[in-house]
Amino acid sequence: MKYRYTKYTGDPLEDLDLEDLVSRLSDLLLASGFGNPHGTDEAERTMQALHDAILDALFNGGVLPEEAIERLLGDPADGDQEGVRSKLEELIQQIIERMGEEGYISTPPDLDAERQRRSGRGGGRGSGDDVQPPVTFEVTDKTLDFLGYRALRDLLGSLGKSSYGRHDTREQATGVETTGAPKEYEFGDTMNLDAAATLLNAVAREAESSPEPRGAGPVKIHVTHEDLMVVQGEYQSSCATVLMLDCSHSMILYGEDRFTPAKRVALALAQLIKNQYPGDALKVVLFHDSAEEIPLAELGRVRVGPYYTNTREGLRLARRILDRQSKDMRQIIMITDGKPSALTQPDGRIYKNAFGLDPFIVAETCAEVAACRKSGIMINTFMLARDYDLVSFVRRVADICKGKAYFTTPYTLGQYVLMDYMDKKTKTIH
């Protein structure tokens with residue numbers, strides 16, 4: 001009897017970093033309708049779309065080492081293309097199953113047995129009755145949380161931060177965490193005493209006042225008010241933020257998906273607040289033909305639609321939300337790529353005009369901006385387009401509320417938003 005020994009090639013799944021793969025699939029998992037602007041969500045959340053995205057990530061995304069790919073494909077000289085295709089399909093199916101087992105996606109139940117059972121009973125049906133809708137999948141909360149963490153890590157990494165646990169500032173205040181040299185106590189400072197520096201001051205003062213050497217026995221040090229030294233630390237102010245996202249149709253038009261990067265930044269900001277600033281509040285408002293507040297957990301599933309841009313209604317809702325918050329700072333971060341083109345009238349009807357800057361819409365929107373400023377709410381606008389009308393409007397908004405206007409792109413949006421947020425988190429108390 002002859003035995004044939006083959007080399008153990010291992011399981012390709014052992015070389016696969018599933019978290020890296022999920023990051024590579026973020027464009028699909030956070031899809032905003034760019035691939036199918038007039039269709040439904042099912043067009044992009046099909047199992048076939050997931051299959052194709054995984055295939056592209058395996059060969060073009062670098063999630064598998066080249067050695068693992070070579071082992072999987074074998075020697076091209078063998079010419080067994082059918083066998084290679086079969087192995088590849090099996091691997092992708094295993095990856096999808098593993099994503100489901102680890103909670104990154106939820107897949108529908110296997111209905112093949114039920115279909116076969118039903119097809120056995122109803123002979124004589126036409127072939128058109130056998131056409132089944134495409135099988136879809138759902139993105140889980142675990143995936144959205146993970147993508148937010150990865151987005152935050154990548155964004156802060158690109159800003160030169162080794163970790164998102166430290167946010168350096170040039171300013172100091174008397175606080176809990178020591179970040180600078182001690183200073184003399186002044187009325188109003190937090191009594192965060194530097195014991196060593198205080199005692200050293202008292203000893204030096206007494207030595208100057210009585211230079212003669214003291215006799216044997218215990219020495220008492222008398223600390224007075226002028227000896228007190230306090231440590232300097234960062235003062236972390238509390239902040240309530242409403243993130244206003246424009247989900248009008250223009251966010252996925254003109255050959256560029258601007259909404260998916262905006263969602264990714266929002267998820268990163270939510271992670272930053274949850275991990276480093278738990279005392280802060282973050283709310284999300286979508287503005288389109290009207291405006292609505294959505295839970296953070298639903299942010300990654302939001303899509304754009306055939307909407308106009310009702311900026312005034314978004315600002316009005318954001319102001320009502322912030323008026324209920326008692327924080328040191330209250331601000332609105334508005335991400336948009338279009339000029340205001342809709343307005344909610346007192347009777348509830350929506351007035352729309354997408355041609356140029358409508359004076360009526362602009363006047364009502366600017367009145368709401370002034371109301372925000374009167375309530376002490378800062379508005380910072382991040383523009384994803386640079387057409388003349390939008391630039392003109394946003395500069396007017398910044399002028400009224402004394403806020404900032406950032407001209408940015410989907411690729412640099414995250415850096416601008418996070419840096420602007422962190423810069424406001426520390427201030428000096430004198």
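Cysteine 247 counts as buried at 2% relative accessibility, where buried means under 20% relative accessible area, exposed means over 50%, and partly exposed lies in between, with a 1.4 Å probe and protein chains only. This is a predicted model, in which local features need pLDDT of at least 70 and side-chain atom pairs count only at pLDDT 80 or more, while totals for chains, interfaces and linings use all residues. Residues are numbered from 1 along each chain as its sequence is written, and side-chain values use heavy atoms, with hydrogens and water left out.

**Cysteines**
- Cysteine 372 is also buried, at a relative accessible area of 0%.
- With a disulfide taken as a pair of cysteine sulfur atoms within 2.5 Å, the count is 0.
- Cysteine 372 is accordingly in no disulfide, and its nearest cysteine sulfur, which belongs to cysteine 401, is 8.0 Å away.

**The chain as a whole**
- The chain has 13 helices and 15 strands, which are DSSP runs numbered from the N terminus (helices H or I, at least four residues; strands E, at least two).
- Of the 430 residues in the chain, 43% are buried.

**Helix α4**
- In helix α4 (residues 66-73), the buried residues are Ala68, Ile69 and Leu72.
- These residues cover an arc of only 100° around the axis, so they lie on the same side of α4, the arc being that of the directions from the helix axis to the C-beta atoms.
- The exposed residues Glu66 and Glu70 are carried on the face of α4 turned away from its buried side.
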